[in-house]
Amino acid sequence: MIELILIFFYVGLFTIGGGMVAIPLIQQQVVERGLITFEEFIAMLAIAESTPGPIGINIATYVGYSQYSILGAVLATTAFILPSFLIVSVLAGLLKKYRYSLLVIYWFYYLKAVIIGLIGYAAVNILMHAVVIDGLPNLSLDYKAIVLIIVLAILYRFFYKKPWILIIIGAILGMITYSLPI
């Protein structure tokens with residue numbers, strides 16, 4: 001249980017930019033340590049993405065629960081949140097005082113670039129898992145998943161202000177598509 005607390009404290013400490021940035025770090029920490037499989041991680045990620053609340057906290061809660069039930073969920077979630085709470089509490093006054101400093105301004109530019117890279121890494125990793133059936137060199141694609149991604153990307157244009165509709169449509173299309181013997 002101590003390992004779980006330390007993992008999510010570490011993730012919370014080095015996650016700057018929101019829950020989407022935490023995804024690759026959580027994956028690295030929990031999958032590579034063998035706490036959960038990659039398939040379980042992807043399933044948890046799908047659930048965390050479709051439930052209310054910050055995705056990083058949701059994943060921490062799910063991983064904690066899968067390991068140590070309710071106590072694990074509470075401890076993992078607390079460990080994930082605690083570093084941000086402490087850092088914001090300590091730095092809020094300094095950032096307010098020095099927000100026009102060139103050092104602070106450039107630091108935030110740097111952070112934006114890093115955050116974009118981490119979100120891109122997570123997106124590509126999840127996309128590869130969604131559409132690639134076999135790994136290299138026997139690359140085999142899941143064409144049903146590719147068609148669903150394209151259809152949902154098109155529908156996003158119409159429902160971008162109501163993502164819950166897109167989630168429901170995606171769930172229904174996914175159930176229909178994968179229940180058909182095509």
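The side chain of Thr-15 comes within 2.4 Å of the backbone oxygen of Val-11, a polar contact in the sense of a pair of N or O atoms within 3.5 Å, where within protein one must be able to donate a hydrogen and the other to accept it, and residues adjacent in sequence count only if both atoms are side-chain atoms. Before going on, please note that this is a predicted model, in which local features need pLDDT of at least 70 and side-chain atom pairs count only at pLDDT 80 or more, while totals for chains, interfaces and linings use all residues. Residues are numbered from 1 along each chain as its sequence is written, and side-chain values use heavy atoms, with hydrogens and water left out.

You will find Thr-15 in the loop between helix H1 (2-14) and helix H2 (19-32); helices here are DSSP runs of H or I with at least four residues, numbered from the N terminus. Thr-15 counts as buried because its relative accessibility is 12% (buried means under 20% relative accessible area, exposed over 50%, and partly exposed in between, with a 1.4 Å probe and protein chains only). Setting aside residues up to four places away in sequence, Thr-15 touches Val-21, Ala-22, Leu-25 and Phe-80, where contact means heavy atoms within 4.5 Å.

Now follow helix H4, where both Thr-77 and Leu-82 lie. Thr-77 is buried, at 14% relative accessibility, and beyond its neighbours within four places in sequence it is in contact with Ile-57, Ala-60 and Thr-61. Leu-82, with a relative accessible area of 36%, is partly exposed.

Next, the pockets. On a 1 Å grid over the protein atoms alone, a pocket is an open set of points where a 1.4 Å probe fits, with protein on both sides within 12 Å along at least five of seven lines; lining residues have an atom within 4 Å of a point. The largest pocket holds about 1,500 Å³ of space, a volume being the space filled by probe spheres set on the points, which are joined across faces, edges and corners. Its lining has 28 residues, and those closest to the centre are Ala-46, Ile-126, Ala-130, Ile-149 and Leu-152. Two or more lining residues come from each of H2, helix H3 (38-50), helix H5 (102-131), helix H6 (143-159) and helix H7 (163-179). By class, 23 lining residues are nonpolar, four polar and one charged (Ala, Val, Leu, Ile, Met, Phe, Trp, Tyr, Cys and Pro count as nonpolar, Asp, Glu, Lys and Arg as charged, and the others, Gly among them, as polar).

The second largest pocket has a volume of about 420 Å³. Of its 14 lining residues, Ile-16, Ile-87, Val-88, Leu-91 and Leu-111 are the closest to its centre. H1, helix H4 (55-98) and H5 each give two or more residues to this lining, with H4 giving the most, six residues.

Finally, the aromatic rings: there are four aromatic pairs, counting rings of Phe, Tyr and Trp (its six-membered ring) whose centres lie within 6.5 Å, with planes under 30 degrees apart called stacked, over 60 edge-to-face and the rest tilted. Tyr-106 and Tyr-109 form a tilted pair, 6.1 Å centre to centre with 50° between the planes. Both lie in helix H5, three residues apart, about one turn of the helix. Tyr-106 counts as exposed, at 52% relative accessibility.
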